[in-house]
Amino acid sequence: VRFYRQRKANGSDRALADLVARVLMSPYFLFKAGVESPTAPCANDRSALAYRRASRMAYSMWGTMPDAKLMAAADRGDLADDRAVRAELERMWTDRRTRAWMHNFFRQWLHYDRAPVESYSWGFLGNIDRAHLHESAQQELERFIDAVVWDGRGNFEELMTSRTVITSATSIRRIYGMPDTPAAPVEQAPGMRAGLLTRVAMLAPGFDDASVVKRGAFIRRQLL
């Protein structure tokens with residue numbers, strides 16, 4: 001209310017628009033957050049801090065509530081200590097739920113799981129089997145993401161430039177101009193096939209008539 005009154009001198013409509021913008025941009029609106037006291041002056045504060053951290057860690061890493069081990073650490077008050085928090089985060093990092101939640105983040109960011117429209121032309125696909133193309137493309141992209149995040153440097157540059165290919169799907173391999181049979185578990189894509197933007201899951205989400213405007217808008221909105 002105080003913010004609205006301060007802005008009202010510029011007009012009610014402008015003040016209301018600024019107020020809505022401030023609410024929508026607030027981290028307390030966008031994220032699940034708790035207020036942490038760095039001094040934790042008493043035992044009750046330390047206990048509350050431990051439970052808030054457990055909740056925040058679990059929803060950040062897994063997208064769900066804390067497991068029994070994390071709750072036990074909070075019960076003991078361990079999570080008020082930064083070293084204990086680090087130890088729990090290292091344990092959580094190896095949990096399969098972390099990888100699944102990361103895939104969920106990338107799907108929301110890049111929209112590569114959109115249902116395809118079966119309109120691929122024979123000129124585009126030739127003798128490539130389209131029966132499971134969409135599923136194979138998603139799987140190939142997620143294996144690429146795993147390789148960058150878990151086995152590589154895990155930064156934006158590598159996402160945009162890595163040539164890593166991990167797939168045995170003949171349809172994907174033929175589109176990439178690779179032999180039908182993998183020569184190794186992890187291979188390097190030929191030619192200009194570098195980074196996630198050149199993957200089938202990103203380039204063919206249901207159509208083969210590329211829209212320069214739509215692709216440019218996607219890059220502007222999602223990547224820049």
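## Helix contacts, aromatic pairs and selected residues

G63 has a relative accessible area of 30% and is therefore partly exposed. The model described here is predicted. G63 belongs to the loop that joins α4 (43-61) to α5 (68-75). Leaving aside residues up to four places away in sequence, G63 is in contact with A58 and W101.

**Helices α7 and α9**

Helix α7 covers residues 96-110 and helix α9 covers residues 133-151; their axes come within 11 Å and cross at roughly 115°. The crossing of α7 and α9 is right-handed. On the α7 side the contact is formed by T98, R99, M102, H103, F106 and R107, and on the α9 side by E142, I145, D146, V149 and W150. Sorted by class, the contact of α7 with α9 holds five nonpolar, two polar and four charged residues.

Two of the contact residues have a computed accessibility to report. F106 has a relative accessible area of 6%, below the 20% limit, so F106 is buried.

Apart from residues up to four places away in sequence, Q138 touches Y112, D113 and A201.

**Aromatic rings**

A pair of aromatic rings is described by the distance of the centres and the angle of the planes. Over the whole structure, a search finds four aromatic pairs. One of them joins W93 and W150: the ring centres are 4.8 Å apart and the planes are at 15°, so this pair is stacked. W93 is in helix α6 (residues 82-93) and W150 in helix α9, so the pair links distant parts of the chain, 57 residues apart. W93 is partly exposed, with a relative accessibility of 38%.

Another pair is F105 with F106, whose ring centres are 5.4 Å apart and whose planes are at 85°; this pair is therefore edge-to-face. Ring pairs connect F105, F106 and W109 into a cluster.

**Arginines over ring faces**

Two arginines are placed over aromatic faces, R97 over W62 and R199 over F144. The table gives the distances.

| Arginine | Ring | Distance from the ring centre |
|---|---|---|
| R97 | W62 | 3.8 Å |
| R199 | F144 | 4.0 Å |

**Backbone at H111**

Most residues other than glycine have a negative phi. H111 has a phi near 55°, a positive value in a residue other than glycine. H111 is in the loop between α7 and α8 (122-125). With a relative accessible area of 32%, H111 is partly exposed.

Conventions
Residues are numbered from 1 along each chain as its sequence is written. This is a predicted model: local features need pLDDT of at least 70, side-chain atom pairs count only at pLDDT 80 or more; totals for chains, interfaces and linings use all residues. Side-chain values use heavy atoms; hydrogens and water are left out. Axes are lines fitted to C-alpha atoms, for helices over the stretch in contact, and angles run from 0 to 180 degrees between N-to-C directions. Helices (H or I, at least four residues) and strands (E, at least two) are DSSP runs, numbered from the N terminus. A crossing is left-handed if the near helix is turned anticlockwise from the far one by less than a right angle, and right-handed if clockwise. Contact means heavy atoms within 4.5 Å. Ala, Val, Leu, Ile, Met, Phe, Trp, Tyr, Cys and Pro count as nonpolar, Asp, Glu, Lys and Arg as charged, and the others, Gly among them, as polar. Rings of Phe, Tyr and Trp (its six-membered ring) pair if their centres lie within 6.5 Å; planes under 30 degrees apart count as stacked, over 60 as edge-to-face and the rest as tilted. Buried means under 20% relative accessible area, exposed over 50%, partly exposed in between (1.4 Å probe, protein chains only). A charge sits over a ring if NZ of Lys or CZ of Arg is within 6 Å of the ring centre and within 35 degrees of the ring normal.
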